[in-house]
Amino acid sequence: LQEENETVVPRLFECSNQIGRFIASEIMDFTQDDLDDDDVMLLDTWEQIFLWIGNGANEREKKDSTVLAQEYLNTHPATRDPGTPMVIVKQGFEPPTFTGWFMAWDQHLWN
């Protein structure tokens, strides 16, 4: 079991190969507007890792993001449980367990 951490702040990373190589960049003080529909976004809520797949994300980004998420857990300085659930979320099909981490979620943003 993971040790309870009451001061967990969710972290959002943009995972992209737009510049020719795959990189993950952390987005501070994120909102729904930070979700880039051309990329994959990794949301770490401590209890779960969400991989949000934007409609324009390419196959390489999808594959590399899955590998990155596992490496992120395995190398996390807080000795995270490697069995932490990873949830794939497709743009437009976000469950409340994902949208609840964003202030004022707009379900019509991408319509």
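Read along the sequence, this chain runs β-β-β-β-α-β-α, which gives two helices and five strands, where helices (H or I, at least four residues) and strands (E, at least two) are DSSP runs numbered from the N terminus. The radius of gyration is 14 Å, close to the 13 Å that the globule rule gives for 111 residues, so the chain is as compact as a globular protein of that length; the radius is taken over C-alpha atoms, and the rule is 2.2 Å times the number of residues to the power 0.38.

Before I go on, please keep in mind that this is a predicted model, in which local features need pLDDT of at least 70 and side-chain atom pairs count only at pLDDT 80 or more, while totals for chains, interfaces and linings use all residues. Residues are numbered from 1 along each chain as its sequence is written, and side-chain values use heavy atoms, with hydrogens and water left out.

Let me stay with the whole chain for a moment. Taken along the principal axes, the C-alpha atoms fill a box of roughly 40 × 35 × 20 Å. Of the 111 residues, 36% count as buried, and here buried means under 20% relative accessible area, exposed means over 50%, and partly exposed lies in between, with a 1.4 Å probe and protein chains only. The accessible surface comes to about 7000 Å², and 52% of that surface belongs to carbon and sulfur atoms; the areas come from the Shrake-Rupley method with a 1.4 Å probe, and for residues only the protein chains shown count as cover.

Turning to contacts (heavy atoms within 4.5 Å), if we take those with a separation of 6 or more, residues 24 or more positions apart account for 57% of them.

The aromatic side chains deserve a longer look. The structure holds eight aromatic pairs, a pair being rings of Phe, Tyr or Trp (its six-membered ring) whose centres lie within 6.5 Å, with planes under 30 degrees apart counted as stacked, over 60 as edge-to-face and the rest as tilted. One of them joins Phe30 and Phe102, edge-to-face, at 5.2 Å centre to centre and 65 degrees between the planes. Phe30 lies in the loop between β2 and β3, and Phe102 in the segment after α2 (96–99), so this pair ties together parts that are 72 residues apart in sequence. Both partners are buried, Phe30 at 14% relative accessibility and Phe102 at 4%. The rings of Phe98 and Trp105 have centres 5.9 Å apart and planes at 85 degrees, so that pair is edge-to-face as well. Phe98 is buried at 0% relative accessibility, whereas Trp105 is partly exposed at 22%.

Which residues does Met86 touch, leaving aside its neighbours within four places in sequence? Met86 sits in strand β5, is partly exposed at 30% relative accessible area, and is in contact with Ile49, Ala69, Gln70 and Leu73. Met86 and Ile49 are 37 residues apart along the chain, yet their C-alpha atoms are separated by 4.7 Å.

Asp29, in the loop between β2 (23–27) and β3 (40–44), is exposed, with a relative accessible area of 76%, and its C-alpha atom is separated by 21 Å from that of Ala78, 49 residues away along the chain. Gly92, in the loop between β5 and α2, is exposed at 52%, and the C-alpha atoms of Gly92 and Leu43 are separated by 16 Å.

Two residues other than glycine call for a check of the backbone. Thr79 has a positive phi of about 50 degrees; Thr79 lies in the loop between α1 (59–75) and β5 (86–90) and is exposed at 69%. Ala104, in the segment after α2, has a positive phi near 50 degrees and is exposed at 73% relative accessibility.
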